[in-house]
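Colleague: I am new to this one. Can we go through its pockets and cavities together?

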Amino acid sequence: MATTTPRKSPERAPGNALGRLVAALVGLISVGAALGVGSLVAGLVTPSSSPFLAVGDTVIRLSPQVLTEFAKTTFGTADKPVLLGGMAVVIALVGAVAGLVSRRRPGPGLTVVAVLGLLGVGAVAAAPTVNAAAFVAPLAALVAGLASFAGLHRVARSANGEAPTDGSGGDSGRGGIGRRAVLVGSMAAVAVASAAAGLGGLLLGGGGADSRRGVTARLAGARVTEQPPAVPAGADFAELGTPGFLTPAQDFYRIDTALQVPDLRAEDWSLRLHGMVDRELSLSFDDLLSRPLVERTITMTCVSNPVGGDLISTAVFTGVDLRELLLEAGVQRGADQIFTTSSDGWTAGTPTDVVLEPGRGALLAVGMNGEALLPEHGFPVRMVVPGLYGFVSATKWLVDMELTTFDRRKGYWLQRGWAQRAPIKTECRIDSPRGFQSVPAGRVTCAGIAWSQPIGISKVEVRMDGGPWRAATLSSSPSGATGGRTWRMWKADFDLAPGSHTVQTRAVDANGVTQTEDRAEPIPDGASGWPATIFTVS
């Protein structure tokens, strides 16, 4: 007699508890709606109040030095997208957990969502620049998250009451209608959140594009009283692998703490120059452009650049001579620091005596390579001081300049133990051959760059496989003292047999001082050491 095995009924969620999938969706979509609404309201009210970006900024400000440098070294200029992506993943996971702990009742999940929302409010409150309007976006996000969670949980519970569901969120029979209802509601919430986030993103950026085009047009017709020497023929060895002498603005290195590039209009910009000065100045953008404009070719270097690194670029900057501006204001005795603040609250301290050096060439820059500054490079106005690492000399989105002392105020990175004066060290780099590259046997040409702003480079020495040093051929350099503000390219030929080889270089500045062999990490005052590259001759 045949026997049959009775079918095992699917595991059912206990009581009227939500299935796991539905519960996770409730939490996930609720936090998504909160972020979308927060982004939208921030775009309408004040872009810097986006709770998502405010939390990211707080993470950057509070991160220990070792973590900051790890991110720069590992991810380079992609460190900010990596941070934002990681935050999004963490928030999504927390949202899913909020749903899963609320399968029976919404209370636990509402608590989790509330904590997330309050973290956003706290991050906005802790921002360097904050006003009453800044709290509108995070509070709106908090309300949207709580309302979405409560509403979706109610819909899911109602749908769940139509038929039992299995423990994984699956339905059988008529319960499929219930799950479809929840999923339709979830899709609607996703659509609303996505639309809000997208509209918020549009409102957060793009408003300054017309302003930038207008500045570019004005610069084309502006009277420039000082122009840099023409870039001479043979100023680079780009055909051998070095960079071109001038770096296109879109390729210029970018290192800053801003998660959201400030979207500013030149028409709204103003600068207050105050503190230990005889005459306080308040300048609009029109005031700045009415002054004599100068153009200077300057190589900028980031202190985070490791030995042989690529955080260095050169451009022609257009702007107002900063020394002349300070002399007009009248710097008082004892004011050893120029304390500058960007529109997003970032601060830096620059040694006053360096900027006041005749011939140093410091600028309030409004243009770069013949056009207005790009937003990511400081539009509408930034500071540029040749010969100092950027963290003490290159404040972007500049809005405030105070003459003070280093004892009274400390800039963002000085608070974290970085150097106070930070002059750029004499360094060089090998661009060709690249590390572990295989090149044909015979004559091998090595090439690279060297820099020692504002002194200039007089010689680069190269040696192969630990042999004797020999002088490399240097590229042409802009004439006069201004040539010291820029990098210089070098090349050297070697006849090499097949096998592994190591090329090493060192630079000599215009005063005859050879760069140090002593190795130092970038922080706190710049990397040092002789770069070396291993390659293979095949």
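Colleague: Into how many nonpolar, polar and charged residues does the lining of the second largest pocket divide?
Modeller: Keep in mind that this is a predicted model. The pocket has a volume of about 700 Å³. Its lining holds 36 residues, with Lys72, Lys80, Ile255, Asp256 and Thr257 closest to the centre. By class they divide into 20 nonpolar, eight polar and eight charged.

Colleague: Now the largest pocket. Which residues lie nearest its centre?
Modeller: The space in this pocket is about 820 Å³. Its lining is made of 36 residues. Nearest the centre are Ser48, Thr129, Ser343, Asp344 and Gly345.

Colleague: Which element supplies the largest share of the lining of the largest pocket?
Modeller: Two elements give two or more residues to this lining, α2 (51-62) and β6 (337-342). The largest share is five residues, and it comes from α2.

Colleague: How many charged residues are in the lining of the largest pocket?
Modeller: Take the classes in turn. The lining has 18 nonpolar residues and 11 polar ones. The charged residues number seven.

Colleague: How many charged residues are in the lining of the second largest cavity?
Modeller: The lining has 13 residues, and Asn305, Pro306, Glu427, Trp451 and Ala527 lie nearest the centre. Eight of the lining residues are nonpolar and four are polar. The charged count is one.

Colleague: Which residues is threonine 486 in contact with, leaving aside its neighbours within four places in sequence?
Modeller: Contact here means heavy atoms within 4.5 Å. With those sequence neighbours set aside, the partners of threonine 486 are Phe245, Thr297, Ile298, Thr299, Thr314, Gln453 and Pro478.

Notes:
Residues numbered from 1 in each chain as written. Predicted model: local features only at pLDDT ≥ 70, side-chain atom pairs only at ≥ 80, totals over all residues. Heavy atoms only, no water. 1 Å grid on protein atoms, 1.4 Å probe; cavity = no way out; pocket = protein on both sides within 12 Å on 5 of 7 lines; lining within 4 Å. Points joined across faces, edges and corners; volume = space filled by probe spheres on them. Helix = DSSP H or I, 4+ residues; strand = E, 2+ residues; numbered from the N terminus. Nonpolar A, V, L, I, M, F, W, Y, C, P; charged D, E, K, R; others polar.
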